[in-house]
Protein chains: 2
Amino acid sequence: MPVNPPLNIALLGLGTVGTGVAQILTDSAALLEHRAGRHLKLRKVLTKNPAKSRDITLLPGVLASNLQEILQDPSIDAVVEVAGGTTWAFDAIVAALEAGKDVVTANKAILATRGAELFSIARKYQRCVAFEASVAGGIPIIGAIQRGLAGNTIVAIQGILNGTCNYILTRMTDDLLDYPTALRGAQDLGFAESDPTLDVNGTDAAHKLAVLAHLAMDATLDVEAISRRGIDTLAPLDIHFASELGYSIRLLAEIWSDPAGITSHVSPVLLKKNTPLAQVRGAFNAVRVIGDSVGETLFYGAGAGRKPTASAVVSDLVELAVSRNGLLAATNRLWTQNPSAPCLPPEKLRSRYYLRLHVVDRPGVMAEVSGVLASHEISIASVIQHETPTDAANSQVHMVIMTHLASAGRFLNAINALNQLTCVLAQAVHYPVGE
Amino acid sequence: MPVNPPLNIALLGLGTVGTGVAQILTDSAALLEHRAGRHLKLRKVLTKNPAKSRDITLLPGVLASNLQEILQDPSIDAVVEVAGGTTWAFDAIVAALEAGKDVVTANKAILATRGAELFSIARKYQRCVAFEASVAGGIPIIGAIQRGLAGNTIVAIQGILNGTCNYILTRMTDDLLDYPTALRGAQDLGFAESDPTLDVNGTDAAHKLAVLAHLAMDATLDVEAISRRGIDTLAPLDIHFASELGYSIRLLAEIWSDPAGITSHVSPVLLKKNTPLAQVRGAFNAVRVIGDSVGETLFYGAGAGRKPTASAVVSDLVELAVSRNGLLAATNRLWTQNPSAPCLPPEKLRSRYYLRLHVVDRPGVMAEVSGVLASHEISIASVIQHETPTDAANSQVHMVIMTHLASAGRFLNAINALNQLTCVLAQAVHYPVGE
């Protein structure tokens, strides 16, 4: 058989993921050549810190001194962007496309916030942008939604998309830790960054949700407008009450489609303990996809880390080598200026709710609370209120209420009204309850 | 934009899956055209029983009177084989390839037993064979292994690949039913065929395992030689003891690769209750894939049924329409005459084991049993033997032993020796314990 020319690759960034990509390309070269029908050759690597010691040894001449050296090298077919960030990385990707290179990126922030801009440039130069590594690390969820489930109208996606948060929640639940202690543990083990803000406040998950929503539902979400709550304000008490009710709390990124439009949010959500998503533990990710034909599916695996994320990058490189056409067709279709599927405002999201009220323990409180809920047409499904240890005057108690389905708008109005009651001693705590 | 020509499709078989394919092609025509960039047009349908009433209405002229009408129609691009069986279906697929049609099939039995023959014919005519629907119904596991995990050396696959068996096992476990009663329930609900032999004895799972093994590990398994036990001899007593030990029993199809070679089997296996596979309930399927880079992944969904399986068929049709190159590259690479990865005989499989012995309740029995195991170098991890209700002479008891890792060969030799002991009253019952 004739020997096909290699696919020549340049890597922008040699951090955690970049190092993993270089390792796989080196260590699995023969396997990849068998699968791709061509050698996947790492020709150039650009890194901010060329002098830093690393777990890999690059061949002489592979380390590039600047981006231009890569852009001007006509032998480079594909540029892998794993540098991160949205400014230098965006400019570098655009320059690569303009120079006629296909691009593989793990950069969910760029896709979520500048996808239309990026893909219009790619189309102009008829180059591919592949991004399997951008969501859920090693789980091949991008390909699953784009190709494997292509016969489906996607009804819903529920994702545990941030391994840091899931690790912290698992520790809080299993080891009864409070949030700051669990966070410190995650940082000590390298599961959380020294500044964990974008992970724990839900921003990272919102970026990933926007990417999945676009693929699955042709929805272009305004990331800033996604209703978003993180885990940084979650109290052990609510994990405890959830458990008593038979639920675990997970940070979910969800999008639901119905004929009226699309609703989405990122929030801690109570999930029945025996459901697959509730059982995802530690730094793992999982994505539940519901299609009109396939029904319920779940995809589970490592959501981050050197080798899992690099596995996804390399799968895109194999795809480029085997079947560039398919990736180009996707690039031509995605993030076009076509009108997005209609996105509804957050208050339209319908859910059951968990509600915890810290109230005075005196006669009439239940009547007041239930009266407010009734006046907002919020229907109560169950209530827990434990006996207080003393009969002293001014004793206080937690009242936990599970509601039936309600829209977020109506529910939040009820919460505002409850917070005005004199018997309610602190702002009401509330979380959605998942389906 | 120019309008691309349609992808013209002929359907062989209008049973459960065929009807689902026709429904999706009709009901989701606009969506599919958007995703594929071409209209997916159902041009011809061949069925054994054209007069039978169905849930779909075909357009006039779509019903073909014979296979030749389809083969000789130059407008037909792709033939979908969902007729089942390995004789007529095989000949029809070959005839379609010879007539220049690409083929989409759900036929795991043909792939597992005649893959090399089929793919060499496809290569001769440079036609594609796509088969996402052949394993695990709606779960896009073929694409996940072939493309999404292409950067990995696959170390192991463990699959719950037969929904009928998993449904029966779930009923036996949850509702304490015996096998015949659970089977009848499954038949009444349409989860099991009137002749369930190929499902419950593990043959169906072995076919699917052979397909996955080929994709993941370049292994060409002799399906007849796959060590195979079904669920039809499983006793409620063993489900009970497994549960007491913290395990659930699932019918697993497993393949493991290590430097020495590949081992595989289909068997009821004890799995720790809190592991993802143990939690797969009812007629669902799941596939756990372990890759050297990605680590542990799990893919979960409906393993059979009209719409889920049709969803997989349609995903192949979309792929044909978008990126036939990629499918052709796979066809050129799979089931070639290249030497298979080395497959080890079943006795090389290493596992922990569950062992139940029905023994006389008298002094010295434990010494005899443990002596036999020791002489075969089988190490005991734990033992359960409950007190018998009476102290009568000749009382009998079940002794349950969990072993440490051992090769199947050595373990089965020990079982043969145990069965010779006079204190052992019935053939020893034993199952592997999963990792």
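Me: Which residue stands opposite A:Leu355 in S14(A)?
Reply: A:Ile401 does. It's a predicted model, so a note on that: local features need pLDDT of at least 70, side-chain atom pairs count only at pLDDT 80 or more, and totals for chains, interfaces and linings use all residues. Residues are numbered from 1 along each chain as its sequence is written, while chains are lettered from A and ligands numbered from 1 in the order in which they are written.

Me: OK. How many bridges join S12(A) to S14(A)?
Reply: Seven, and the two strands run antiparallel. S14(A) covers residues 396–403. Strands pair if DSSP finds at least two bridges between them. Strands (E, at least two residues) and helices (H or I, at least four) are DSSP runs, numbered from the N terminus.

Me: Which way does S12(A) pair with S16(A)?
Reply: Antiparallel, over five bridges. In S16(A), A:Tyr431 is the bridge partner of A:Tyr354. S12(A) also pairs with S15(A), antiparallel over two bridges. There A:Arg350 stands opposite A:Ser407.

Me: Switching to chain B. What is the strand order in the open sheet of five strands?
Reply: S2-S1-S3-S4-S5, with parallel pairing. S2(B) and S5(B) are the edge strands, each pairing on one side only. S1(B) and S3(B) share four bridges. B:Ala10 faces B:Val79 in S3(B).

Me: Which helix packs on that sheet?
Reply: H1(B), residues 16–27, touching S1, S2 and S3 of chain B. The direction of H1(B) makes about 150° with that of S2(B). Axes here are lines fitted to C-alpha atoms, for helices over the stretch in contact, and angles run from 0 to 180 degrees between N-to-C directions. Contact means C-beta atoms, placed from the backbone, within 7 Å.

Me: And S9(B), why is it called largely enclosed?
Reply: Because ten of its twelve residues are buried. Buried means 20 or more other C-beta atoms within 10 Å of a residue's own; exposed means 12 or fewer, and partly exposed is in between, with C-beta atoms placed from the backbone.

Me: Which strand forms a hairpin with S9(B)?
Reply: S8(B), with two residues between them. The two pair antiparallel over twelve bridges. B:Ala253 has B:Val266 as its bridge partner in S9(B). S7(B) runs parallel to S9(B), joined by two bridges, and B:Arg228 stands opposite B:Val266 there.

Me: Now the two chains. How many residues does each give to the contact?
Reply: Chain A gives 45 and chain B gives 45. H12(A) gives the most to the side of chain A that touches chain B, with 13 residues.

Me: What rotation superposes chain A on chain B?
Reply: 180°, with 0.0 Å of shift along its axis and an RMSD of 0.0 Å. That is the relation of a two-fold axis. Copies are superposed by least squares on the C-alpha atoms of residues with pLDDT of at least 70 in both.

Me: Which residue of chain A comes closest to the axis?
Reply: A:Phe299, at 2.4 Å by its C-alpha. A:Phe299 also stands opposite B:Phe299 in S11(B). S11(A) and S11(B) pair antiparallel over four bridges.

Note on methods: Two residues are in contact if their C-beta atoms, placed from the backbone, lie within 7 Å.
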